[in-house]
Amino acid sequence: MALQRLTALFILYSILGYIPSRGVILRTTDKTVWANEFERIELTCLIESISTNNPRIEWKKIKNGVPSYVYFQNQISGDLEHRAQLIQPANLLILNTSRADTAEYRCEVAAIDDHKHFDEILISLAVRVKPVVPRCSVPVAVTVGTSSELRCLENEGFPASQYRWFRNNEELPQDPKSSPKFINSTYSINADTGGLKFRRMRKEDAGEYYCQAKNEAGHAQCPAQLMEVYDVDIVGIFLKVLAALAGFTIVMVGVYHAHKHGCFSSGKDHTGTNYKPPAADDGVDYADADEGHFRHKSSFII
């Protein structure tokens with residue numbers, strides 16, 4: 001009797017196009033989603049099975065283990081307010097992604113009329129960020145036979161940028177031994193840090209250098225900078241001459257100030273105003289010491 005009733009119900013449901021639900025069941029097309037910054041992205045939360053007519057749908061953003069609502073009580077809220085919308089039945093469309101949107105998102109559906117009345121699904125979103133123009137450091141001049149390093153760095157790109165170097169608009173191969181043109185070069189490139197190191201500079205290494213930072217979101221490069229390679233240390237000689245000129249200037253300025261403050265003046269000569277003439281004649285005519293006497297002048301009064 002019970003079997004007959006179940007069979008009758010099944011036939012009735014089939015005629016009406018209704019199949020009893022085992023409960024709410026969710027799925028997604030992709031649990032790990034990548035998006036480029038400033039582009040739109042849709043997080044799918046597909047309801048495969050449900051009987052409840054108006055289920056409660058919520059989306060939560062989980063950043064560093066802390067959940068916050070981004071869709072609650074039929075409204076976009078929190079970090080996605082004015083930047084997202086719900087696509088029926090439960091997909092979340094972010095209209096303008098930013099790097100701050102990188103997080104995990106959880107879709108939750110509650111159906112009180114279903115045998116299994118709750119289900120959830122977790123989606124990981126990573127937003128790619130295009131690199132900015134890297135900061136490049138290229139020496140102006142180096143000497144043949146010496147070592148040198150060129151640097152390149154940017155900190156905005158996500159995932160982290162990989163670096164490439166160019167000389168005279170031609171890319172330097174990662175391994176110089178792989179190219180006949182660069183087989184005698186002594187450089188090495190660190191694609192992760194952006195360093196370009198030369199163990200021994202050659203005249204052929206001179207040229208205009210620039211660096212390119214690149215990831216999945218795009219690339220950026222710094223302006224080209226000229227590096228010259230000399231046989232002798234022109235830069236060192238120039239610096240030494242400059243130091244000598246600076247020292248000479250300092251000495252001359254010191255001499256000038258010393259002379260201005262009278263440090264080099266001597267006592268005044270006899271023609272000066274401080275010269276005192278000999279005392280007036282006292283009326284005594286002194287004879288030579290070997291004469292042993294003196295004589296009076298006519299003005300002497302007895």
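Guide: Cys152 counts as buried, because its relative accessibility is 2%; here buried means under 20% relative accessible area, exposed over 50% and partly exposed in between, with a 1.4 Å probe and protein chains only. The model is predicted, so that local features need pLDDT of at least 70 and side-chain atom pairs count only at pLDDT 80 or more, while totals for chains, interfaces and linings use all residues. Residues are numbered from 1 along each chain as its sequence is written, and side-chain values use heavy atoms, with hydrogens and water left out.

Cys152 forms a disulfide with Cys211, the two sulfur atoms being 2.0 Å apart, and the term stands for a pair of cysteine sulfur atoms within 2.5 Å. The torsion about the S-S bond of Cys152 and Cys211 is about -80 degrees, so this disulfide is left-handed. The pair joins distant parts of the chain, with Cys152 in strand 14 (residues 148–153) and Cys211 in strand 19 (residues 207–215), 59 residues apart; strands (E, at least two residues) and helices (H or I, at least four) are DSSP runs, numbered from the N terminus. Cys211 counts as buried as well, because its relative accessibility is 0%.

Glu171 is found in strand 16 (residues 170–171) and, because its relative accessible area is 36%, is classed as partly exposed.

How many disulfides does a search of the whole structure find? The search finds three, and, with bonded cysteines counted along the chain, they follow the pattern 1-2, 3-6, 4-5. Cys136 and Cys222 form one of them, with sulfur atoms 2.0 Å apart, and the torsion about their S-S bond is about -95 degrees, so the disulfide is left-handed. This pair also links distant parts of the chain, since Cys136 belongs to strand 12 (residues 135–137) and Cys222 to the loop between strand 20 (218–221) and strand 21 (225–230), 86 residues apart. Cys136 and Cys222 are both buried.

There remains the disulfide between Cys45 and Cys107, whose sulfur atoms are 2.0 Å apart; it is left-handed, because the torsion about the S-S bond is about -75 degrees. Cys45 sits in the loop between strand 3 (41–43) and strand 4 (46–49), whereas Cys107 is in strand 10 (residues 103–110), so the pair ties together parts that are 62 residues apart in sequence. Cys45 is buried, as is Cys107.

Strand 3, on one side of the loop that holds Cys45, also belongs to an open sheet of three strands, in the order 3-9-8 and with antiparallel pairing. Strand 3 and strand 8 (84–87) are the edge strands of this sheet, each pairing on one side only; strands count as paired if DSSP finds at least two bridges between them. Strand 8 pairs with strand 9 (residues 91–94) in the antiparallel sense over four bridges, and the bridge partner of Ala84 in strand 9 is Ile94.
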